[in-house]
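Biologist: I'd like to learn how to read the features of a structure like this one. Could you walk me through them?

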Amino acid sequence: MKKIYLLLFASILIVGCQFNNKKSEDATDMEMTEDSITIEAPSVIEDKEAADESYAISYDTDDVKITPISHATFVLETDNTVIYVDPVGGAEAFENFPKPQIILVTDIHGDHLNAETLEGLYKPNVQLVVPKEVKKQLPESIKEKTDVLSNGQSISLKTSKMNVDIEAIPMYNIRPEALQYHEPGRGNGYILTVGGKRIYISGDTEDIPEMRNLENIDLALVCMNLPYTMTVESAADAVLEFKPKKVFPYHYRGTDGLSDVKMFKKLVSAGNKDIQVVQLEWYPSY
């Protein structure tokens with residue numbers, strides 16, 4: 001009988017040890033799982049930060065919508081008024097957008113002017129606004145509805161919903177090594193007054209006095225690429241001087257790749273936290 005009790009006691013000990021070992025293994029598994037979560041957590045945070053820095057495909061607020069097509073080309077919409085700026089890439093690039101009432105062209109270079117695209121987009125009710133040198137290169141079929149503006153001139157165009165006031169602003173180079181690209185008087189930047197907003201489109205320019213002296217700009221699209229326009233530092237310095245409420249870096253592909261628009265944002269934000277820098281996706285396939 002004594003031997004039977006001893007055998008029962010030993011069996012209980014063995015089962016107890018196995019149970020404790022199983023609990024220990026489960027605890028180890030749990031610790032490993034928690035460790036895995038802890039290790040993975042920073043990557044989730046990094047992904048969120050990356051998402052915060054990702055570029056939006058369009059800007060749609062303040063009763064204005066801006067949708068990049070590529071580089072200098074974009075669609076501006078407000079209260080059923082649709083404006084195409086520097087349309088290139090063929091009419092098919094605009095198939096998913098409402099038809100324009102107004103088309104603006106800033107310069108003669110191929111990233112701003114493509115006569116075939118303009119001809120494909122042209123309709124009798126579309127009003128083209130261009131510099132004089134651009135009009136010279138347009139097909140005869142669309143010249144009749146083209147208004148020419150020189151620097152300092154303005155025009156008011158009536159659409160079905162509102163008047164759009166357009167002022168031509170100088171755009172040119174000032175660095176000696178870049179004077180060959182954009183001479184004064186040839187191209188236009190533009191200020192649009194539409195839907196109660198003043199919108200500045202820089203075109204290809206450096207931080208010229210005419211830009212630095214702008215006032216009461218709600219939205220500004222500012223170029224920054226070398227060697228053709230200006231550095232991000234020059235662009236940021238000019239923006240800090242004329243103080244738009246919001247600024248959109250655009251036209252920032254140069255010969256050495258894309259300009260550092262994140263640095264531009266840091267410089268502007270450090271200089272004036274009230275100026276909002278809006279990053280849009282201008283180069284989705286770059």
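**Reading the model together**

Modeller: Let's begin with Asn272, which touches Leu240 and Lys243 when residues up to four places away in sequence are not counted; contact here means heavy atoms within 4.5 Å. Please keep in mind that this is a predicted model, in which local features need pLDDT of at least 70 and side-chain atom pairs count only at pLDDT 80 or more, while totals for chains, interfaces and linings use all residues. Residues are numbered from 1 along each chain as its sequence is written, and side-chain values use heavy atoms, with hydrogens and water left out.

Biologist: Where is the place of Asn272, and is Asn272 buried or exposed?

Modeller: Asn272 sits in the loop between α7 (261-271) and β16 (276-277). Helices (H or I, at least four residues) and strands (E, at least two) are DSSP runs, numbered from the N terminus. Asn272 is buried because its relative accessible area is 18%; buried means under 20% relative accessible area, exposed over 50%, and partly exposed in between (1.4 Å probe, protein chains only).

Biologist: How many helices and strands does the chain have?

Modeller: There are seven helices and 16 strands. Of the chain's 286 residues, 44% count as buried. Among contacts with a separation of 6 or more, 57% come from residues 24 or more positions apart. The accessible surface of the chain is about 15,200 Å², and 52% of that belongs to carbon and sulfur atoms. Such areas come from the Shrake-Rupley method with a 1.4 Å probe; for residues, only the protein chains shown count as cover.

Biologist: How should I read salt bridges, and how many does the structure hold?

Modeller: Side chains of opposite charge can pair when their charged atoms come close. The criterion is a side-chain nitrogen of Lys or Arg within 4 Å of a carboxyl oxygen of Asp or Glu. The structure holds 10 salt bridges.

Biologist: Which residues are linked in a network of salt bridges?

Modeller: Asp207, Arg212, Asp237 and Glu241 are. Asp207 pairs with Arg212, their closest N and O atoms being 2.8 Å apart, and both Asp207 and Arg212 are buried. Arg212 also forms a salt bridge with Asp237 (2.8 Å, N to O). That pair links distant parts of the chain, with Arg212 in helix α5 (residues 209-212) and Asp237 in helix α6 (residues 232-242), 25 residues apart. A further salt bridge joins the side chains of Arg212 and Glu241 (2.6 Å, N to O). Because Arg212 lies in helix α5 and Glu241 in helix α6, this pair ties together parts that are 29 residues apart in sequence.

Biologist: Why does Arg212 count as buried?

Modeller: Its relative accessibility is 16%, so Arg212 falls in the buried class. Asp237, at 40%, counts as partly exposed, and Glu241, at 41%, is partly exposed.

Biologist: Which residues form a negative surface patch?

Modeller: Glu92, Glu95, Glu116 and Glu119 form it. Patches are made of residues with over 30% relative accessible area and no salt bridge: like charges are joined within 9 Å, nonpolar side chains (Val, Leu, Ile, Met, Phe, Trp, Tyr) within 5 Å. Lys and Arg count as positive and Asp and Glu as negative, while His and the chain ends are not counted. The place of a charge is taken as NZ of Lys, CZ of Arg, CG of Asp or CD of Glu.

Biologist: What should I look for in the backbone?

Modeller: Most residues other than glycine have a negative phi, and most peptide bonds are trans. Here, Leu226 and Pro227 are joined by a cis peptide bond, with omega about 5°; Pro227 lies in the loop between β12 (219-223) and α6. Asp79 has a positive phi near 45° and lies in the loop between β3 (73-78) and β4. Lys243, which Asn272 touches, has a positive phi near 55°, and its place is in the loop between α6 and β13 (246-250).
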